[in-house]
Structure formats: structure tokens, C-alpha cells
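Biologist: I would like to go through the labels used for this chain and ask what stands behind each one. Please set each value against its definition.

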Amino acid sequence: IRNTRSCILSRGLGDVYKRQVLDRCYRRLLKKDPTTKVGSVDVTVTVGTDGKASASILGVSDLNLLICLQRTIRSWRFAKPEKPIQVQFSMVFDSK
């Protein structure tokens with residue numbers, strides 16, 4: 001399963017790119033409120049058999065940020081796996 005996950009991620013979206021895209025949501029939030037602090041966020045991306053992604057996100061108290069992150073992840077498309085696959089990662093949002 002680990003190889004399948006790696007294959008899907010490498011074919012669909014690299015870690016660095018993925019994190020940069022999600023960081024845009026945080027940067028938009030900072031433009032509206034520069035004092036916003038988010039810290040660490042835990043993300044579980046599920047890739048369905050249709051290649052579409054969905055997300056479970058923990059650690060976000062700002063509704064606008066949560067919606068942006070979820071919409072962004074739902075827009076991702078991957079190679080279609082035989083079974084749904086979950087990939088977990090953490091992100092630290094920093095205003096620096």
C-alpha cells in the first residue's frame with residue numbers, strides 16, 4: 001500500500017507543491033487579519049477510486065481557512081486507485 005500511495009502522490013501532486021498550494025489559503029487569511037495564528041494542522045486526504053480527493057482537517061479554528069483548504073484539496077485529481085487511499089500529513093502555518 002505504501003508504494004501505491006507514493007505512486008499516486010508522485011503522479012498527481014508532489015509534497016512541496018501540495019503544501020505551497022495549501023499555504024495560499026493561509027496567506028489570504030493573513031491579508032485579512034495579520035494577527036491570525038494557526039500553528040499546526042493535521043490533514044488526511046482520501047483519494048477515491050474515481051481519483052477525486054476529499055479531506056479531513058484538524059486544528060483549524062478559522063472557518064474561512066477550513067473552507068479554503070477543503071475546496072483546494074477537493075480540486076485535486078489523482079490516478080485512479082483500485083481502492084480508496086488515505087494519505088496523512090501535518091502542516092505548520094507560519095506568518096514569517
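Modeller: We begin with contact, which means heavy atoms within 4.5 Å. Among contacts in the chain between residues at least 6 apart in sequence, 71% join residues at least 24 apart. This is a predicted model, in which local features need pLDDT of at least 70 and side-chain atom pairs count only at pLDDT 80 or more, while totals for chains, interfaces and linings use all residues. Residues are numbered from 1 along each chain as its sequence is written, and side-chain values use heavy atoms, with hydrogens and water left out.

Biologist: What makes up the secondary structure of the chain?

Modeller: Three helices and three strands. Helices (H or I, at least four residues) and strands (E, at least two) are DSSP runs, numbered from the N terminus. Along the sequence the pattern reads α-α-β-β-α-β.

Biologist: Why is the link between Cys25 and Cys68 called a disulfide?

Modeller: A disulfide is defined as a pair of cysteine sulfur atoms within 2.5 Å. The S to S distance of Cys25 and Cys68 is 2.1 Å, so the pair meets the definition. The pair links distant parts of the chain, with Cys25 in helix H2 (residues 15-32) and Cys68 in helix H3 (residues 63-74), 43 residues apart. A search of the whole structure finds one disulfide.

Biologist: Why is the disulfide of Cys25 and Cys68 called left-handed?

Modeller: The torsion about the S-S bond is about -75 degrees, so the disulfide is left-handed.

Biologist: How do you know whether Leu65 is buried or exposed?

Modeller: Buried means under 20% relative accessible area, exposed over 50%, and partly exposed in between (1.4 Å probe, protein chains only). Leu65 has a relative accessible area of 1%, so Leu65 counts as buried. Cys25 and Cys68 are buried too. Buried residues make up 36% of the 96 residues in the chain.

Biologist: Which residues does Leu65 touch, not counting those up to four places away in sequence?

Modeller: Leu65, in helix H3, touches Cys25, Tyr26, Leu29, Val38 and Val60.

Biologist: What makes E1 and E3 a pair of strands?

Modeller: Two strands pair if DSSP finds at least two bridges between them. Strand E1 (residues 39-47) and E3 have nine bridges in the antiparallel sense, so they pair under this rule. Asp42 stands opposite Ser90 in E3, and Gly39 stands opposite Phe93 in E3. E1 and E2 also pair in the antiparallel sense, over six bridges. In E2, Ser56 is the bridge partner of Thr44, and Ser54 stands opposite Thr46.

Biologist: What is the order of the strands in the open sheet?

Modeller: The order is E2-E1-E3, with antiparallel pairing. Strand E2 (53-58) and E3 are the edge strands, since each pairs on one side only. In the hairpin of E1 and E2, five residues lie between the strands, and Gly51 takes a positive phi near 85 degrees.

Biologist: Which face of strand E3 is covered and which is uncovered?

Modeller: In strand E3 (residues 85-93), the covered face has Ile85, Val87, Phe89, Met91 and Phe93, and the uncovered one has Gln86, Gln88, Ser90 and Val92.

Biologist: Which residues have the most contacts inside the largest nonpolar core?

Modeller: Val45, Leu65, Leu69, Ile73 and Trp76, in a core of 23 residues. H2, E1, E2, H3 and E3 each supply at least two residues of this core, and the largest share, six residues, comes from H2. A nonpolar core is a set of buried Ala, Val, Leu, Ile, Met, Phe, Trp, Tyr and Cys residues joined through side-chain atoms within 4.5 Å. Leaving aside neighbours within four places in sequence, Ile73 is in contact with residues including Leu22, Val43, Val45 and Ile57.
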